[in-house]
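Colleague: I would like to go through the terms used for this chain and see what each one rests on. Please set the values against the definitions.

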Amino acid sequence: MPETGASPLPQTPPAHSPLFRAEHFVWLTARVLEQRLFAYHFLNGGPDPVETALDAYRNADGGYGHALEPDLRGPVSQPLHIAHALRVLDAVGRCGGQRVEHVCRYLTSVSTPDGALPAVTPAQRGYPTAPCLPVVDAPPSELLSTGPVVGLLHRNEVWHAWLFRATDFCWQAVESLQVSHPHEIQAALTFLDSAPDHSRAKASADRLGRLVREQRLAALDPSNLGASPDRAPDLHHFPHDYAKTPNSLARAWFTDTEMSRSLDFLAAEQQEDGGWPSHRRQWSPTTALETRPMATIEALQTLRAYGREVG
């Protein structure tokens, strides 16, 4: 008889399919957390092992640290780790209860005077940190860190006092954006896709879509990346990076032809070792290694969401 509580038997994908090759890459290179997320999404794994792996990054203050977000090394809790943790919990349907109550207490403790979140608090000083995330004494509120957290909490119908001012901050920040960058646009989308005022969110998303096209924040023709000379070839963002599912408000930003080209490009990006590349600025060999399994899982999820065959 099988052991009580044992994980279900994995579903083996067809040999040499994109999923089969990706599975080999994940077992070879990924952290335990990404291994269990891969098993959950693609191999009939359960949510409990994912939660257990995530707990290794949890701190007594209710936050998360220990390089859960690979660009922030060291043990201390940080808002960007919270966003990562909430994405994991949302993915496995566990974004609620006492765990999230403790998260909201941590968020309250590190909020700026306007009730939102900095990207990095001063507690990070002394630990290795990506150059794009400077550690300062009085960090400002940022949509980059606040938008994903607020959006994911609304998506899971979490209500906490912290959310009221943080939601107001997100609306103001999104609606006043004039010049932006892809990561900030993605943060704004995570908020808008789950914001409680759907008509306001759609209007804001329509404006952001025009901004993305005007400022060339999406490479609309992957065969002609020279059209965006301000970006290195491996740092471009594509339609699929914004509209990760057909239900995203960002899907309306792109024509069917643009979206199809983008998905073709994404499918073709699978590398010889079975993994997808990570389109982040690489500042450490460790982060370069740790982010590729994340990119691989995300690529497979996006392709599957659009009905592309992965295995």
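**Terms and values**

Modeller: Over residues 1–7 the pLDDT stays under 50, and the model has one contact beyond four places in sequence for them. Here pLDDT is the predictor's confidence in each residue, from 0 to 100, and contact means heavy atoms within 4.5 Å. This is a predicted model, in which local features need pLDDT of at least 70, side-chain atom pairs count only at pLDDT 80 or more, and totals for chains, interfaces and linings use all residues. Residues are numbered from 1 along each chain as its sequence is written, and side-chain values use heavy atoms, with hydrogens and water left out.

Colleague: What is the mean pLDDT of the chain?

Modeller: The mean is 93, and 92% of the residues reach 70 or more.

Colleague: Why is P148 called buried?

Modeller: Buried means under 20% relative accessible area, exposed over 50%, and partly exposed in between (1.4 Å probe, protein chains only). P148 has a relative accessible area of 7%, so P148 is buried.

Colleague: Where does P148 lie, and with which residues is it in contact?

Modeller: P148 lies in helix α6, residues 143–155; helices (H or I, at least four residues) and strands (E, at least two) are DSSP runs, numbered from the N terminus. Neighbours within four places in sequence aside, P148 is in contact with A83, R87, L143, A187 and T190.

Colleague: Why is N44 partly exposed, whereas E157 counts as exposed?

Modeller: N44 has a relative accessible area of 41%, so it is partly exposed. E157 is at 69% relative accessibility and therefore counts as exposed.

Colleague: What is the phi of N44 and of E157?

Modeller: Phi of N44 is near 65°, and phi of E157 is near 55°. Both values are positive, in residues other than glycine. Most residues other than glycine have a negative phi. N44 is in the loop between α2 (32–42) and α3 (47–55), and E157 is in the loop between α6 and α7.

Colleague: What makes a set of residues a nonpolar core?

Modeller: The members are buried Ala, Val, Leu, Ile, Met, Phe, Trp, Tyr and Cys residues, joined through side-chain atoms within 4.5 Å. The largest such core has 76 residues, of which L153, I185, Y242 and W253 touch the most other members. Helix α7 (residues 161–175) gives the largest share of this core, eight residues. Another core, of six residues, lies apart from it and includes L72, A119, V120 and L133.
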